[in-house]
Amino acid sequence: MQNYDSPDGSGKPARRVRRKYEEGKSLSITSLLDVLTIILVFLIKNVSTESARISAEAGLNYPSSITNDKLLEKSGATPVKIFPDKVLVGVDGLNFGNPKDLLENAQKRIDISKYLQLEANDIFKTEGHEACLVVQADSAIPCGYVTEIVRIGTDAGFTYIYFATLADPDWLKNTSLSSTQ
Amino acid sequence: MARFKPSDVRQQKSQTAPQEPNLVPIMNLFLTIIPFMLMMVVVSQVALVALNFSQGEGGGGGSGAGGGGKTDTEKVEIHIMGKGFEKTNQFLGMEIREGSLEKARIPAVNEIYDYVALDNAIKGIRASKADLVDITVLVHPDVLYGDLIRTIDLCKTNGFSQVHYTAPKVQYYD
């Protein structure tokens, strides 16, 4: 037999009241997930393999252009980056020395030519692919160096030469007015 | 009348609230991919100016101009003179040669090439020769690469889809 002690002395058992704790609600991350999905789709759309091959190089001051030609669909692109103080050739960016060497050092020209021929042959192994040379040069580089690279490239078998620029549809508007007008 | 005995162990699932799918792994994946892709995004768009050096087209570095078999009257050349030329000829700027027509000179203003005048001149050529798509740009070796690109760009924007890039052999005598 149980004895209940009543606080008020009435004999009734003391009523125990359990405090109700609300269950903690888990943070809803569905909306966050939606936003992230949208961002991801947007980024995937913008990031292409082409931009991976032709990325803007820090330290290169690109010239501006209105024209924006597309790379050939079936093509293999080999970049040549002409900095004011160095020339990097190929996807791996092999350093072939100073731009002046292009005009003054015959051995350097031969080395670059051999390397570009290997690259072009690799591209031609893939059926139907064209070899494209993408020249990324600083806008303050004298054209003599660029001409030499183009000559070496065309001799090596690159039939399509692309010059990398920065897209700027307003560069002509921003230039000073013609003196003849 | 057949009667079926109720099952001994009647499994009655307690009715619980439907569980939400565990989104934590997906979130982890997203949080890894998105910063990586943001790093890859290039804010400034790299454009390309194409030149075709396949058979029959003009080549770079050679002294011969690529004309694609055009007759002399249809051939249009833009010569960009450098500072070396200025020393010997007292002229810095561009020269447009159109077959037998007189050379049109566009002098540089304060050692800056006049692209607005060049644009107008190319527009004039386009108006007179609507079907012409070939144009040759001859650049002296001391001209800056940026100036070459701007000239090619103006040719392309004015409808000259086949721009031939040629470097003349230049020797300056003091």
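**Figure 1. Helix α3 of chain B lies across strands β2, β3 (93–98) and β4 of chain B.** The helix α3(B) runs at about 160° to β4(B). The model is predicted: local features need pLDDT of at least 70, side-chain atom pairs count only at pLDDT 80 or more, and totals for chains, interfaces and linings use all residues. Residues are numbered from 1 along each chain as its sequence is written, while chains are lettered from A and ligands numbered from 1 in the order in which they are written. Helices (H or I, at least four residues) and strands (E, at least two) are DSSP runs, numbered from the N terminus. Angles run from 0 to 180 degrees between N-to-C directions, with axes fitted to C-alpha atoms, for helices over the stretch in contact.

**Figure 2. Five strands of chain B form an open sheet.** The order of the strands is β4-β3-β2-β5-β6 (chain B), and the pairing is mixed. Strands pair if DSSP finds at least two bridges between them. Strands β4 (104–107) and β6 (162–166) of chain B are the edge strands, and each pairs on one side only. From one strand to the next, the twist averages 20°.

**Figure 3. Strand β5 of chain B (residues 134–139) is joined to β2(B) and to β6(B).** Strands β2(B) (residues 76–80) and β5(B) run parallel and share four bridges. Here B:I78 has B:V137 as its bridge partner in β5(B). The pairing of β5(B) with β6(B) is also in the parallel sense, over five bridges, and B:L138 stands opposite B:T166 in β6(B). How many of the residues of β5(B) are buried? Six of its six residues are buried, and the strand is mostly covered. A residue is buried if 20 or more other C-beta atoms, placed from the backbone, lie within 10 Å of its own, exposed if 12 or fewer, and partly exposed in between. In a regular strand the side chains alternate between the two faces of the sheet. In β5(B), B:D134, B:T136 and B:L138 point one way, B:I135, B:V137 and B:V139 point the other way, and all are buried.

**Figure 4. Helices α3 and α4 of chain B cross at roughly 30°.** Two packed helices are described by the angle between their axes and the distance between the axes. The axes of α3(B) and α4(B) come within 10 Å. The two helices are therefore roughly parallel to each other (under 35 degrees; over 145 is roughly antiparallel, 65 to 115 roughly perpendicular, the rest oblique). On the α3(B) side, B:Y115, B:L118, B:D119 and B:I122 meet B:R150, B:T151, B:L154 and B:C155 of α4(B). This contact has five nonpolar, one polar and two charged residues. Contact means C-beta atoms, placed from the backbone, within 7 Å. Ala, Val, Leu, Ile, Met, Phe, Trp, Tyr, Cys and Pro count as nonpolar, Asp, Glu, Lys and Arg as charged, and the others, Gly among them, as polar.

**Figure 5. Helix α4 of chain A (residues 106–125) crosses helix α5 of chain A (residues 143–156) at roughly 45°.** The axes of these two helices come within 8 Å. The crossing of α4(A) and α5(A) is right-handed. In α4(A), A:R109, A:I112, A:S113, A:L116, A:Q117 and A:A120 meet A:I152, A:G153, A:D155 and A:A156 in α5(A). The residues of this contact divide into five nonpolar, three polar and two charged.

**Figure 6. Strand β6 of chain A (residues 160–167) is joined to β1(B) by seven bridges.** The strands β6(A) and β1(B) run antiparallel, and B:A50 in β1(B) is the bridge partner of A:Y162. Within chain A, β6(A) pairs in the parallel sense with β1(A) (residues 64–65) over two bridges, where A:S64 stands opposite A:L166. Strand β5(A) (residues 130–137) also pairs with β6(A) in the parallel sense, over four bridges, and A:L133 stands opposite A:I161. Six of the eight residues of β6(A) are buried, so this strand is largely enclosed by the rest of the structure.

**Figure 7. Chains A and B meet in a contact of 49 residues from chain A and 46 residues from chain B.** Which elements of chain B each supply at least two residues of the side that touches chain A? They are α1 (24–40), β1 (46–52), α3 (115–128) and α4 (145–157). The side of chain B that touches chain A has 30 nonpolar, 10 polar and six charged residues.

Conventions
A crossing is left-handed if the near helix is turned anticlockwise from the far one by less than a right angle, and right-handed if clockwise. Two residues are in contact if their C-beta atoms, placed from the backbone, lie within 7 Å.
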